[in-house]
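Here are my notes on this one, written as numbered points. Keep the sequence and the 3D view open while you read.

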Number of protein chains: 2
Amino acid sequence: MSIEHLHPVPHLVTALNGPLQQLESHLLARQSDIEAWFRQQWHQSPAPFYASVDLRNAGFKLAPVDTNLFPAGFNNLSPELLPLCIQAMQSALERHCPDARRILLIPENHTRNQYYLESLATLQDIIQKAGFLVRIGALQEEPGEARTFELPSGRQLLVEPLRRENNRLYVDDFSPCLVLLNNDLSAGRPAILENLQQMLIPPLALGWANRLKSDHFSRYQEVTREFSKLIDIDPWLITPQFLRCGEINFMKRAGEACLANNIDTLLQSIQRKYDQYGLDQKPFVVVKADAGTYGMGVMTVHSATEIQQLNRKQRTRMSTSKGGLETSQVILQGVYTFETWGDNQAVTEPVVYMIDHFVVGGFYRVHTRRGANENLNAPGMHFEPLAFAQPCITPEHHMAPDAQPNRFYAYGVIGRLALLAAAREQLINDS
Amino acid sequence: MSIEHLHPVPHLVTALNGPLQQLESHLLARQSDIEAWFRQQWHQSPAPFYASVDLRNAGFKLAPVDTNLFPAGFNNLSPELLPLCIQAMQSALERHCPDARRILLIPENHTRNQYYLESLATLQDIIQKAGFLVRIGALQEEPGEARTFELPSGRQLLVEPLRRENNRLYVDDFSPCLVLLNNDLSAGRPAILENLQQMLIPPLALGWANRLKSDHFSRYQEVTREFSKLIDIDPWLITPQFLRCGEINFMKRAGEACLANNIDTLLQSIQRKYDQYGLDQKPFVVVKADAGTYGMGVMTVHSATEIQQLNRKQRTRMSTSKGGLETSQVILQGVYTFETWGDNQAVTEPVVYMIDHFVVGGFYRVHTRRGANENLNAPGMHFEPLAFAQPCITPEHHMAPDAQPNRFYAYGVIGRLALLAAAREQLINDS
């Protein structure tokens with residue numbers, strides 16, 4: 001297959017999905033090489049237990065912008081894909097802890113969020129159907145009582161207080177073999193989870209207390225450099241350009257010069273690639289906390305001067321992240337999303353889910369009041385989840401490259417590249 | 001949960017599905033123990049590469065009657081369950097041959113059967129979607145040409161001649177890493193497959209040239225003895241009673257006394273269990289070839305005298321099995337199937353599919369002109385496949401024990417017990 005169109009060519013057609021359709025058909029044509037490569041990679045760097053990856057599909061570019069190693073949103077997956085989750089969960093648990101029968105699930109601390117509780121109930125259901133006993137033990141500041149939540153789906157969810165005896169965790173008289181974290185540790189590493197006798201996955205070192213997005217994207221750059229060489233494409237087509245700034249204090253206006261400088265540098269760098277591909281788009285940069293998820297402290301800028309003009313309210317918003325962690329380090333990125341849904345052209349962003357190295361499905365965040373250059377996962381932001389109608393593992397060679405199964409396959413490939421980057425972080429954190 | 005009703009009790013209610021509903025609810029209640037036990041078993045005896053298991057659901061009893069280690073019929077599975085097959089295939093191939101990229105599929109010799117060709121095309125599709133290059137190489141008496149079949153589904157299937165150079169197999173210039181057999185070797189072990197440099201799975205020793213159904217069911221008895229102890233049931237509820245006869249020659253009427261004797265013994269033994277459970281059913285025995293599949297040489301008898309009264313045509317039919325193998329050994333079994341479908345009460349028989357140790361789905365053989373005591377997989381016999389509407393891995397504890405997901409779960413448990421018996425055969429054949 002000719003892939004010359006995937007290389008930068010001046011005055012390329014500006015139809016936005018041109019290069020992406022070519023990327024999709026290229027991934028399709030090289031499917032067996034890609035899958036063989038992934039198999040080899042997972043052998044060298046075992047996949048994290050589970051993950052969700054936020055992608056941005058700019059038409060000319062498809063890249064991840066966030067990788068969550070303590071995924072929520074399982075309730076947004078299509079019920080038809082639940083069996084895939086169950087089967088992948090069986091594989092994952094067999095690999096990580098073959099003797100486990102009883103599993104303790106530790107959720108996020110803000111357990112009143114109904115969307116999150118629905119996700120937790122779905123995750124519990126997946127693990128139960130996979131053949132395990134599962135109970136939910138909450139991290140709490142002080143000993144509390146068990147609580148049953150009635151969920152909008154009609155399900156009930158029992159959340160019990162966690163108890164530690166010597167080096168073992170319990171809820172009630174339930175003694176788990178394995179502790180599964182679904183809490184991203186934005187608020188730090190709780191002492192109750194340190195030095196457990198039981199296996200704890202994912203390891204504490206993968207929580208946001210120890211992890212930086214910029215480290216992840218450095219690994220991701222390595223991964224896409226190798227992958228792009230394998231399938232002979234420009235890595236830029238699948239890699240978000242980024243820069244980072246440490247030692248920022250938005251309230252005290254410390255580090256502002258560095259930030260302004262890096263914004264300019266990144267905007268110019270993005271512009272050069274747009275020029276190279278003949279893309280008539282205005283570059284932008286999203287500034288977000290380097291540690292933490294949930295899109296708090298996120299803003300879109302089109303020039304460095306916007307940083308100097310922030311008002312007090314904007315500064316306050318930028319300076320705190322989830323769990324009260326103060327934002328002192330930021331990462332800069334800017335990938336458009338040009339996928340839209342419905343007659344109103346609502347902006348969408350695909351999110352891909354993986355359990356072990358298996359892609360088990362995904363959904364679109366659909367937002368009617370956001371622009372193509374804005375973060376779609378921000379506080380107070382309401383999105384409609386739109387489940388992927390099909391799995392990401394049924395590429396159809398006889399269909400158009402942008403037909404649904406093939407587009408979903410492409411999402412699954414890019415999602416796994418981000419997963420592989422996380423696997424390499426994990427190896428480094430383990431050592 | 002009280003399980004006393006699962007033990008033999010005189011004068012039990014004769015409603016046929018009473019005891020089975022109790023079995024189903026019992027399997028459901030002990031799900032996490034069952035799954036933990038299976039995980040441990042697969043660790044000790046790795047599952048065969050793939051299998052299909054024919055079950056008979058008598059209402060009061062649910063048991064396998066045939067285990068095929070070179071399964072066809074993949075085309076009868078629901079398209080919605082294809083992703084489960086793909087994911088399980090990825091696991092299976094990773095486990096058996098992590099470095100494989102190119103796979104050679106060796107089909108049955110009678111490749112003009114359109115049903116079989118559709119199954120082969122589906123199997124090829126599953127392996128391709130799992131990320132491998134697959135070509136089909138046929139065992140032929142003499143070198144032939146590649147042939148393209150146009151299938152009723154609209155698909156095309158390319159079947160190429162097999163070529164051996166030194167100790168490697170090829171089709172055309174395609175050099176496979178792995179050879180996957182989908183031929184049950186009823187016609188013996190072909191020399192071209194012996195001592196290959198490439199990995200060949202399943203091993204030749206699992207073909208019908210080396211395997212006996214009675215060995216399989218001996219292992220199955222061991223397996224269900226252990227399993228029944230674990231979950232505290234009478235093994236008879238899930239185990240077909242059987243006897244075997246060697247040295248039979250139907251044409252020469254040799255071994256007839258042994259056969260008649262064993263039929264009587266088995267009928268009496270079945271009657272005793274029926275009496276024990278208060279079941280008002282007439283025992284019967286199916287006589288079939290001990291080696292080979294496909295239900296050739298199969299007959300149902302209700303008394304030993306029927307054997308003595310066979311006419312010449314019946315003797316000829318009984319004396320040959322698939323691939324021309326002469327039937328000299330037979331196995332005797334007799335499990336009713338009381339599951340029916342539709343207004344006409346068509347007799348059905350569930351068939352469960354597994355790839356590695358994962359249950360990936362199944363279908364019902366539905367037959368309107370057969371009785372509850374007859375084999376539903378016989379030559380010239382036309383059945384309608386009815387795909388399982390749901391997977392076998394989504395047990396729903398809040399639903400009735402005989403609700404579809406729970407009935408399918410029960411099928412998956414019994415199917416896996418037969419798979420485990422085959423895994424133990426495999427270990428013995430390997431050593």
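1. Let's start with a definition: a residue is called buried under 20% relative accessible area, exposed over 50%, and partly exposed in between, using a 1.4 Å probe and protein chains only. Take R253(B): at 41% relative accessibility, R253(B) counts as partly exposed. Its partner in a salt bridge, E256(B), is buried, with a relative accessible area of 15%.

2. Some housekeeping. This is a predicted model, where local features need pLDDT of at least 70 and side-chain atom pairs count only at pLDDT 80 or more, while totals for chains, interfaces and linings use all residues. Residues are numbered from 1 along each chain as its sequence is written, chains are lettered from A and ligands numbered from 1 in the order in which they are written, and side-chain values use heavy atoms, with hydrogens and water left out.

3. Now the salt bridges (a side-chain nitrogen of Lys or Arg within 4 Å of a carboxyl oxygen of Asp or Glu). How many salt bridges does the structure hold over all chains? There are 46. In the R253(B)–E256(B) pair, the closest N and O atoms are 3.1 Å apart. Elsewhere, D54(A), R56(A), E349(A) and R365(A) are joined into one network by salt bridges that share partners.

4. Have a look at R189(A) and E194(A), which form a salt bridge with the closest N and O atoms 2.8 Å apart. R189(A) is partly exposed at 35%, and E194(A) is partly exposed at 23%. In chain B, E194(B) and R189(B) also form a salt bridge, with a closest N–O distance of 2.8 Å.

5. How do the two chains relate?

6. On to the interface, where 32 residues of chain B touch 32 residues of chain A. The chains bury about 2800 Å² between them, 52% of it on carbon and sulfur atoms; this is the accessible area (1.4 Å probe) that two parts lose on being put together, summed over both. In chain B, R39(B), Q87(B) and K129(B) lose the most area to chain A, together 25% of what that side buries. Four salt bridges cross the interface. K129(B) forms a salt bridge with E396(A), with the closest N and O atoms 3.2 Å apart.

7. Last, zoom in on R168(B). Which side chains make polar contacts with the side chain of R168(B)? One is that of S175(B), at 3.1 Å, and another is that of Q197(B), at 2.8 Å. A polar contact is a pair of N or O atoms within 3.5 Å; within protein, one must be able to donate a hydrogen and the other to accept it, and residues adjacent in sequence count only if both atoms are side-chain atoms.

Note on methods. Contact means heavy atoms within 4.5 Å.
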